[in-house]
Amino acid sequence: MKKLIFSILLLASTLLQASDIYVKPGESIADAIRQARELRRLNDPSIEGGITIHVAAGNYRIYEPLFLRPEDSGTPSSPTIIKGEGEVIVSGGVTVTGWKRQGKLMVADVPDFCGRPLDFRQFYVNGKKAVRARDVADFEDMYRIIRVDKQKRVLWVPAAAVRKIKKAPYAEMVLHEMWCVANLRIKDIMFAGDSAAVSFHDPESRIQFEHPWPCPMVTTDGHNSAFYLTNARELLDVPGEWYHDIRAGKLYYYPRQGELIEEAVVPAVETLLRVDLAAEVEQHPRPARPHLGSVGRRDRLDRQGLRLS
């Protein structure tokens with residue numbers, strides 16, 4: 001789950017007369033940042049010794065990135081400090097509730113986000129990242145491509161590999177190439193005997209077949225590029241996997257043995273924190289660079305959560 005542990009300390013100095021802003025769960029960190037910015041714009045006497053935004057422990061869900069501008073750092077004698085008081089989680093995730101059993105699966109309606117349907121590629125159950133439905137549990141069992149037709153922009157693969165998803169509307173291929181992995185949305189599958197020609201949507205189709213390197217491997221010793229398929233209801237067959245039917249607005253999950261869904265979260269905000277050091281350069285020719293300390297990644301950065309301490 002996307003969790004970045006840090007404290008934002010933009011500048012440090014000996015405090016004179018300082019201003020304190022307090023934020024608690026249910027309130028907005030962004031509003032507190034704007035409040036501090038307004039105090040600086042008005043040159044309020046209370047900020048002579050700096051501004052400290054105290055963020056109480058808890059979970060803060062956002063609908064847009066937190067935005068820090070150069071002037072938010074203040075000055076050497078009057079810094080701005082955003083301080084987490086205990087464990088603070090800034091989350092761009094949306095909670096999915098109302099789960100109902102459907103055979104071996106659990107299903108729930110996906111809520112809208114800011115008035116629009118959600119589209120996402122990750123899903124967390126009880127704080128643990130679930131697996132997007134795919135055709136292999138063990139990557140050693142992946143199929144391999146047969147050949148590449150760059151002119152027609154298709155990959156030829158064993159028909160048995162893709163027969164199961166021939167009617168899946170949003171299936172994807174994850175192709176292991178030399179030095180990279182390509183995520184390709186499948187556009188069409190044409191069968192020809194024991195082989196099948198797979199084409200893909202743009203822009204990834206154009207990029208995949210235009211660039212000379214990296215490219216799919218086709219060798220003489222059987223080590224052609226391997227691939228697996230994902231994002232199809234037909235592939236949802238292993239506990240811990242999930243599938244989002246975006247047309248129906250349904251989220252399907254195959255629970256693990258004895259697992260109860262206490263919290264289910266999907267990512268909604270692409271970026272949690274945006275720092276613009278180029279804004280208002282005329283007023284701030286040497287903008288202070290924020291210091292992000294105690295950074296620790298436990299997983300790839302995604303849209304689920306951010307921690308301040």
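User: Which strand is joined to β16 by 4 bridges?

Analyst: This is a predicted model, in which local features need pLDDT of at least 70, side-chain atom pairs count only at pLDDT 80 or more, and totals for chains, interfaces and linings use all residues. Residues are numbered from 1 along each chain as its sequence is written, and side-chain values use heavy atoms, with hydrogens and water left out. Strands are DSSP runs of E with at least two residues, and helices are runs of H or I with at least four, numbered from the N terminus; two strands pair if DSSP finds at least two bridges between them. Val174 stands opposite Tyr228, and the strand that runs antiparallel to β16, joined to it by 4 bridges, is β19 (residues 226-230).

User: Which residue in the hairpin of β16 and β17 takes a positive phi?

Analyst: β16 and β17 (residues 180-192) pair in the antiparallel sense over 6 bridges, with Leu175 opposite Ala182 and Val174 opposite Asn183. The hairpin has 2 residues between the strands, and the one with a positive phi, near 75 degrees, is Trp179.

User: How many residues of β16 are buried?

Analyst: Buried means under 20% relative accessible area, exposed means over 50%, and partly exposed lies in between, using a 1.4 Å probe and protein chains only. Strand β16 covers residues 172-177 and is mostly covered, and its buried residues number 5 of 6.

User: Which strands stand at the edges of the open sheet, each with a single partner strand?

Analyst: The sheet has 7 strands with antiparallel pairing, in the order β13-β19-β16-β17-β18-β15-β14. One side of each edge strand is left without a neighbour in the sheet, because each has a single partner, and these strands are β13 (143-144) and β14 (147-149).

User: Is Ser78 buried or exposed?

Analyst: Ser78 lies in strand β6, and its side chain reaches the backbone nitrogen of Gly50 at 3.4 Å. Because its relative accessibility is 6%, Ser78 counts as buried.

Key: A polar contact is a pair of N or O atoms within 3.5 Å; within protein, one must be able to donate a hydrogen and the other to accept it, and residues adjacent in sequence count only if both atoms are side-chain atoms.
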